[in-house]
Amino acid sequence: MENTRNKFESDRKWCAACEEYVPYLMSLDTSYCASCGGEVRLFSKEDWTVFSEQLKARRPGARRRQRRGTA
C-alpha cells in the first residue's frame, strides 16, 4: 500500500501556466494543476516531440523508404 501511495504523490504532469511538471488533481476526463488549477498535460510540447520521435524510431519497419529510381 505504501508503494502505491509514493507513486501517486510523486506523479507529475506538465502545467503550461506554471511552466513546470506539477502534482495534479484528476477528474474523469481532465487533470488540473494542484497549484494554480490550470489544465495539465502529460508532457510539455518539447518533451512530447522527443518522446514521439523516440517512439517512431523504435517501431518495427520504421526504416525510411527509398524513392523509386534511386538505389
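**Aromatic cluster**

I began with the aromatic residues and found Phe43, Trp48 and Phe51 in one cluster. This is a predicted model, so I read every value below as computed. I then searched the whole structure for aromatic pairs and got four. One of them joins phenylalanine 43 and tryptophan 48, with ring centres 5.9 Å apart. Their planes meet at 40°, so I noted the pair as tilted.

Phenylalanine 43 has 23% relative accessibility, so I put it down as partly exposed. Buried would need a value under 20%. Tryptophan 48 is partly exposed too, at 46%.

**Serine 44**

Next I turned to serine 44. Where does serine 44 lie? I located serine 44 in the loop between strand E5 (40–41) and helix H2 (45–58). Is serine 44 buried or exposed? Its relative accessibility is 4%, so I count serine 44 as buried. I checked its contacts, leaving out residues up to four places away in sequence, and found Trp14 and Tyr21.

**Sheet**

I traced the strands next. Three of them form an open sheet in the order E2-E1-E5, and the pairing is antiparallel. Strand E2 (20–22) and E5 are the edge strands, each with a single partner, so one side of each has no neighbour in the sheet. I counted three bridges between strand E1 (residues 13–15) and E2, and the two run antiparallel.

**Lysine 13**

I followed lysine 13 in two directions. Across the sheet, lysine 13 stands opposite valine 22 in E2. Its charged end sits over the ring of tyrosine 24, at 4.7 Å from the ring centre.

**Whole chain**

Last, I took the overall figures. I logged two helices and five strands in the protein chain. Which order do the elements follow from the N terminus? I read α-β-β-β-β-β-α. The chain has 71 residues, and buried ones make up 15% of them. For contacts with a separation of 6 or more, I found that 18% link residues 24 or more positions apart. The accessible surface of the chain comes to about 6800 Å². Carbon and sulfur atoms hold 50% of that surface.

How values were computed
Residues are numbered from 1 along each chain as its sequence is written. This is a predicted model: local features need pLDDT of at least 70, side-chain atom pairs count only at pLDDT 80 or more; totals for chains, interfaces and linings use all residues. Side-chain values use heavy atoms; hydrogens and water are left out. Helices (H or I, at least four residues) and strands (E, at least two) are DSSP runs, numbered from the N terminus. Buried means under 20% relative accessible area, exposed over 50%, partly exposed in between (1.4 Å probe, protein chains only). Contact means heavy atoms within 4.5 Å. Accessible areas come from the Shrake-Rupley method with a 1.4 Å probe; for residues, only the protein chains shown count as cover. Rings of Phe, Tyr and Trp (its six-membered ring) pair if their centres lie within 6.5 Å; planes under 30 degrees apart count as stacked, over 60 as edge-to-face and the rest as tilted. A charge sits over a ring if NZ of Lys or CZ of Arg is within 6 Å of the ring centre and within 35 degrees of the ring normal. Two strands pair if DSSP finds at least two bridges between them.
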